[in-house]
Amino acid sequence: MPIVRVALDVPLPTLFDYSVNAETSLDVGQRVIVPFGRKQVLGVAMEWAEHSGLALGRIKAVAQVLDDVPPLPQEMLTLLRFCSDYYHYPVGSTVLSALPTRLRAVEPITLKQSLAYTLSAAGKVLDMTTLPKRRVVQQRILQALRQAPMSGAQLRSLSPSAPAALKLLLEAGWVECVARKGGPLLNPLPLAGEEANVKSHCFNEAHALTIEQQRAVDVVTQQTGYGCFLLHGITGSGKTEIYVHLMHEMLQRGGQVLLLVPEINLTPQLENYFRSRFPDVELASLHSGLADGERAQNWLKAQSGEARIVLGTRLAVFTPLPQLALILVDEEHDPSFKQQDGLRYSARDVAIFRASQRGVPIVLGSATPSLESWYNAQSGRYRLLKLTQRAVQPATLPTVRCMDISNLPLQEGLSEPLLAAIAARLQRKEQSLIFINRRGYAPVLMCTACGWLSECKHCAGKLVLHLNDRTLRCHHCGFQQRVPHACPTCGDADLKPVGIGTQRLEETLQSRFPEARILRVDRDSTRNKGAWNAMRKKIHDGEADILIGTQMLAKGHDFPNLTLVGVISPDGALYSADFRASEKLFAQLTQVGGRAGRADKAGEVIVQTAFPNHPLFQALRAHDYEIWAQTLLAERQMAGFPPFVYQALLSAEGKQESDAYNFLKQARSAAQGLQMPVEVYGVVPAAMPRRANHHRAQLLVQSNKRKTLQEFLRAWKPILDALPAGKLRWVLDVDPMEF
Ligand SMILES: [Zn+2]
Ligand SMILES: [Zn+2]
């Protein structure tokens, strides 16, 4: 009896053997329902096996094969095995976590029926010469349908007036609409002779490429097989335009393109943009904000080849794409490409593996590349493509000024020069953006009499003051309480907010500029669905004068009337314990500064800092990423940090402090016992040593060779799995981004 090995979502590093009845037809990559313990669970058939380690009598049979959707292609299975192996995460959980939720359920999925158009019996025998000559579009539709049924999107690609013509054809009874089940149509490539049409749509409103842009496009499109390109372009240099041209070229060749973007709040906007550039190309988006059904549908469209462009956040890297020809990773430095729970993968790194597995080019785009990518470009592993000019002339980079606040009086955190600059913008009816990476009113509440600070009783962090609903809230565990009327320790009533958050800034600016329309954009003000979109519209329509925002506002938005960016208190990151903090800050400030002066108006950035001569600010003023990257790389090399070493972080958290530490100490001696050439550090508290009543500690292991680290982890992981952990939670994070 044949035996199949099945991936199940269980925390064990193995596949499970099941027998397959002679009458069952099953392909590798198909979803199956199998008995597991007392339950029926969903799994994915990974491979056939000659023998099983289990006694024949103990092997259970596959209960059901789901053939509602096509099997996962072998290429996906290989990719997922690679991820499981590299991130040391159970293979079954890896495979299942890559599937959209709908496909993980034990019921077959029912897809929304999609419609197709086909010739009716009358249409098939229609003599087209009897149609009036001027009904060109109707004739084209009839001709196209003679070859194959088509979806509405495909018909629309024939002509902008296709919908009207189609309506007439339906009314005449020559065309009929049929429902098709089982997902999208296969082979939706443009019909012969339609290529020119696609092209003219693509480039409807594009402006000509600059020489630099054209060169970048040429280099990538001339690449045969795998190649990794780092596209380093200053903000506003037109990276997106390059993506569009590359997409166009790959679509012409019949390929599919995967574009990964960091933020979910950017996808609707980007989606609309790419739709407008490719009005006749099927585009599917994939991100966690989609409803389950929609996500499954889009995933299947990608798998069938109907969707030619797939646009998504990190999870989209696991989408089957039979004709994948190019991967684009936009803002490749963005930390959100790294998943922080479950399978802790970096979508950028997985995308690079995928491109090399598939033998296609990949482009990593950024104004501030991650040091890892920059280092790879310097050492020749990636090819560097530079864009040094802003695409839209005469737009130039904003002037950056650093205000030394160590000898400037501040009003609620704002210096007089910054206030004057805002006033000038108000007068000129231009917009200002004040950037502060702290939401709430103030980061902490203090008693002026005894020094009591509002601390979270469940965490090692402080409770943030939110004045609009008079609460103190923990941003780590979600705990919240009413603001006390008096100090809980000494009873004094003089409680003072310390420090500045977005709400306090809003209040200050409103009282200083009572006429100004102020818009605060942070996680609190955009919590409701659609709120952020509404705000974006307001900003675009010029219905806001001053924007106050956290990093949400820094990314990828283009506000043509914005000419001033003020940055409040960025200094914490300069001397942070997190060695990546200053790298992130530079990227953030470059990005937020890039919002200023993107159209024909000159932009200005004012940074309030106590360290105006710090190399970070010098580089920022000079718009010189390269010199900053060099400085950082030299520091990292001296200190022995990535990208010069490869790291894995074992973290543990438990209700008892001793549990976490004991576990990690045992893990540490096991690591040392392996006597492999890796550095094993001591057990230390996590950056947030207590969160939601759990004590947290960690252990770092590193090596200057990726391969050595992987060999070590392969030996170490089974020992960790066997250590008694009790109720303790622990995770192993390969290439960690957070500590
Ligand atoms: Zn007190
Ligand atoms: Zn807390």
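Which residue does arginine 706 form a salt bridge with? The partner is aspartate 735, and their closest N and O atoms sit 3.7 Å apart. A salt bridge here is a side-chain nitrogen of Lys or Arg within 4 Å of a carboxyl oxygen of Asp or Glu.

Keep in mind that this is a predicted model, where local features need pLDDT of at least 70, side-chain atom pairs count only at pLDDT 80 or more, and totals for chains, interfaces and linings use all residues. Residues are numbered from 1 along each chain as its sequence is written, chains are lettered from A and ligands numbered from 1 in the order in which they are written, and side-chain values use heavy atoms, with hydrogens and water left out.

**The opening pair**

- Arginine 706 belongs to helix H22 (residues 706–722) and aspartate 735 to the segment after strand S32 (729–734), so their bridge ties together parts that are 29 residues apart in sequence.
- Those helices (H or I, at least four residues) and strands (E, at least two) are DSSP runs, numbered from the N terminus.
- Arginine 706 is partly exposed at 35% relative accessibility, while aspartate 735 is buried at 18%.
- As for the wording, buried means under 20% relative accessible area, exposed over 50%, and partly exposed in between (1.4 Å probe, protein chains only).

- Glutamate 416 is partly exposed at 37%, and arginine 512 is partly exposed at 35%.
- Arginine 425 and glutamate 604 also pair up, at 3.0 Å from N to O.
- Arginine 425 lies in helix H15 and glutamate 604 in strand S28 (residues 604–609), so here the tied parts are 179 residues apart in sequence.
- Both arginine 425 and glutamate 604 are buried.
- These two also take part in a salt-bridge network with Arg401, Arg428 and Glu430.

**Nonpolar cores**

- A nonpolar core is a set of buried Ala, Val, Leu, Ile, Met, Phe, Trp, Tyr and Cys residues joined through side-chain atoms within 4.5 Å.
- The largest one has 120 residues, and those touching the most other members are Phe318, Ile362, Leu547, Leu589, Leu650 and Trp716.
- Leaving aside residues up to four places away in sequence, leucine 650 has contacts (heavy atoms within 4.5 Å) that include Phe663, Leu664, Trp716 and Trp730.
- Another core, of 30 residues, lies apart from the largest one and has Val220, Leu246, Met247 and Met250 among its members.
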